[in-house]
Amino acid sequence: EYHTFIDAFGGGFNVGINIEAEEVIYNDLNYLVTELIRSFRDYDTYEYILYVKRTIKRFGLEKSNVEAYCEARNYYNSLSSEKRDPRLLFTIILYGFQQQIRFNSQHDFNNPVGMRWFNDKILEKMISFSRRIKETSIEFYSLNYRELRNKMMPWTFVYFDPPCNM
């Protein structure tokens with residue numbers, strides 16, 4: 001039994017989004033990843049889907065299209081951090097290798113092109129994720145996991161699944 005669930009290394013939020021708790025705390029050290037996950041709560045889902053479809057059309061994204069993918073990824077990376085739209089990042093992730101979220105030390109997205117794309121199954125998961133994140137009480141942070149100590153109260157469950165490169 002717990003009141004608060006802390007996902008200390010939130011990443012794609014696969015665990016935390018499926019937890020039943022009065023309060024869920026999402027944390028990822030990379031603020032761009034935190035903004036990506038938060039965007040599903042903050043944007044209207046239908047408008048988000050329209051943005052993704054317009055972006056796919058704008059760059060000509062399709063499965064294994066290296067040139068289109070690199071153009072979209074390079075455009076995203078060319079933007080200053082405050083102008084990087086998390087919806088653009090999501091769209092690029094959809095066409096990247098294994099749909100992974102991967103950045104270099106300069107916070108440039110650096111996943112290579114993949115064999116995946118925006119399809120009906122991804123659309124279904126996106127809608128379900130968006131609905132769930134809008135219905136759940138979630139606090140978002142981009143902190144070093146050690147700084148989460150002050151969020152730990154009695155009846156808190158802290159989930160630690162650090163990235164492999166720590």
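**Reasoning about the sheet, helices and pocket**

Modeller: In this predicted model, four strands form an open sheet in the order β3-β2-β1-β4, with parallel pairing.

Biologist: What makes β3 and β4 the edge strands?

Modeller: β3 (138-141) and β4 (156-159) each pair on one side only. Strands of a sheet pair through backbone hydrogen bonds, either parallel or antiparallel. Neighbouring strands of this sheet are turned by 15 degrees against each other on average, with direction ignored.

Biologist: Which strands does α1 lie across?

Modeller: Helix α1 lies across β2 (23-27) and β3, and runs at about 155 degrees to β3.

Biologist: At what angle do α2 and α5 pack, and how far apart are their axes?

Modeller: Helix α2 (residues 45-59) and helix α5 (residues 120-135) pack at an angle of about 145 degrees, and their axes are 10 Å apart. The crossing of α2 and α5 is right-handed. Thr45, Tyr48 and Ile49 of α2 meet Leu123, Met126, Ile127, Ser130 and Lys134 of α5. These residues count as in contact because heavy atoms lie within 4.5 Å.

Biologist: What classes of residue make the contact of α2 with α5?

Modeller: The contact of α2 with α5 has five nonpolar residues, two polar and one charged. Lys134 belongs to the contact, and Lys counts as charged by definition.

Biologist: How much space lies in the largest pocket, and which element gives the most to its lining?

Modeller: The largest pocket holds about 1,700 Å³ of space. Its lining has 49 residues, and Gly10, Gly11, Gly12, Val33 and Ile101 are the closest to its centre. Two or more lining residues come from each of α1 (31-42), α4 (86-94) and α5. Helix α5 gives the most, with six residues. By class, the lining of the largest pocket has 26 nonpolar, 16 polar and seven charged residues.

Biologist: Why is the phi of Gln99 worth a remark?

Modeller: Most residues other than glycine have a negative phi. The phi of Gln99 is near 50 degrees, a positive value in a residue other than glycine. Gln99 lies in the loop between α4 and α5.

Biologist: What is the phi of His107, and where is His107 placed?

Modeller: The phi of His107 is near 65 degrees, again a positive value in a residue other than glycine. His107 is in the loop between α4 and α5.

How values were computed: Residues numbered from 1 in each chain as written. Predicted model: local features only at pLDDT ≥ 70, side-chain atom pairs only at ≥ 80, totals over all residues. Heavy atoms only, no water. Axes fitted to C-alpha atoms, helices over the stretch in contact; angles between N-to-C directions. Left-handed = near helix turned anticlockwise from the far one by under 90°. 1 Å grid on protein atoms, 1.4 Å probe; cavity = no way out; pocket = protein on both sides within 12 Å on 5 of 7 lines; lining within 4 Å. Points joined across faces, edges and corners; volume = space filled by probe spheres on them. Pairing = 2+ DSSP bridges.
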